[in-house]
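Dear colleague,

I am handing over the structure we spoke about, with the sequence alongside. Please have it open while you read the notes that follow.

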Amino acid sequence: MGTFLKVTFEARYAGSEEKNQKKSKVIRYIADNLRDMPWQESISSQLRKVDGHHTNLYLVLRLFDIKDIEEGKLKSFARYKKKEDKLVVDQMLIINEYSDLPEDEMRIKMCDEIFEYVKEILIKYKDRFQDFDVIAFIPLLKERIEKIKTNELVIVASNW
């Protein structure tokens with residue numbers, strides 16, 4: 001049936017080279033496993049009626065320092081684009097809350113925060129989609145996030 005989810009991220013400096021590498025590894029692992037094409041293909045027919053590679057969800061994850069967030073008055077937001085039948089979810093994550101955590105704890109905490117925010121936004125916008133079953137997607141997303149949290153997926157983080 002095709003892919004429906006695009007994920008990208010922007011991550012600022014985490015305070016040291018070691019913290020930066022750990023943060024980059026974790027956010028890449030999360031993003032790569034959410035945008036995984038075979039996974040999306042395997043569940044797409046449960047979520048959409050129209051065949052193709054139309055993006056219904058575009059998730060942007062931003063890991064910024066709390067000072068940058070406060071100074072720039074930055075915040076998470078979502079916007080549905082009716083013409084494209086696409087929901088853009090732009091989530092701000094405070095890097096300071098993750099940078100001192102061990103890698104496994106960082107991944108778990110980040111996954112929990114991402115899932116809770118995305119779930120909340122999906123429910124809020126569920127009636128706007130023309131060809132995407134949000135209610136069917138939420139448990140599939142939760143299952144995927146749980147696998148990411150436990151580091152059981154074999155996708156290696158991309159280099160971009």
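At its relative accessibility, does arginine 62 count as buried, partly exposed or exposed? The model is a predicted one, and in it arginine 62 has 21% relative accessibility, so this residue counts as partly exposed, the cut-off for buried being under 20%.

Arginine 62 forms a salt bridge with the side chain of glutamate 10, at 2.6 Å from N to O, and the pair brings together strand E2, which holds arginine 62, and strand E1, which holds glutamate 10, across 52 residues of the chain. Glutamate 10 is likewise partly exposed, with a relative accessible area of 29%, and both residues belong to a network of salt bridges that also includes Arg12, Asp68 and Asp90.

As for strand E2 itself (residues 57-64), six of its eight residues are buried, so the strand is largely enclosed by the rest of the structure. Strand E2 runs parallel to E1 (residues 5-11), to which seven bridges join it, with valine 7 paired to leucine 59; eight bridges join E2 to E4 (residues 86-94), also in parallel, and there tyrosine 58 stands opposite valine 88.

The salt bridges come to 15 in total. One of them joins aspartate 36 to arginine 144 at 3.2 Å (N to O), linking the loop between helices H1 and H2 to helix H5, 108 residues apart, and both of these residues are buried. Another, at 2.9 Å (N to O), joins arginine 107 to aspartate 104; these two lie three residues apart in helix H4, so about one helical turn separates them. Arginine 107 is buried at 4% relative accessible area, whereas aspartate 104, at 45%, is partly exposed.

With best wishes

Methods. Residues are numbered from 1 along each chain as its sequence is written. This is a predicted model: local features need pLDDT of at least 70, side-chain atom pairs count only at pLDDT 80 or more; totals for chains, interfaces and linings use all residues. Side-chain values use heavy atoms; hydrogens and water are left out. Buried means under 20% relative accessible area, exposed over 50%, partly exposed in between (1.4 Å probe, protein chains only). Helices (H or I, at least four residues) and strands (E, at least two) are DSSP runs, numbered from the N terminus. Two strands pair if DSSP finds at least two bridges between them. A salt bridge is a side-chain nitrogen of Lys or Arg within 4 Å of a carboxyl oxygen of Asp or Glu.
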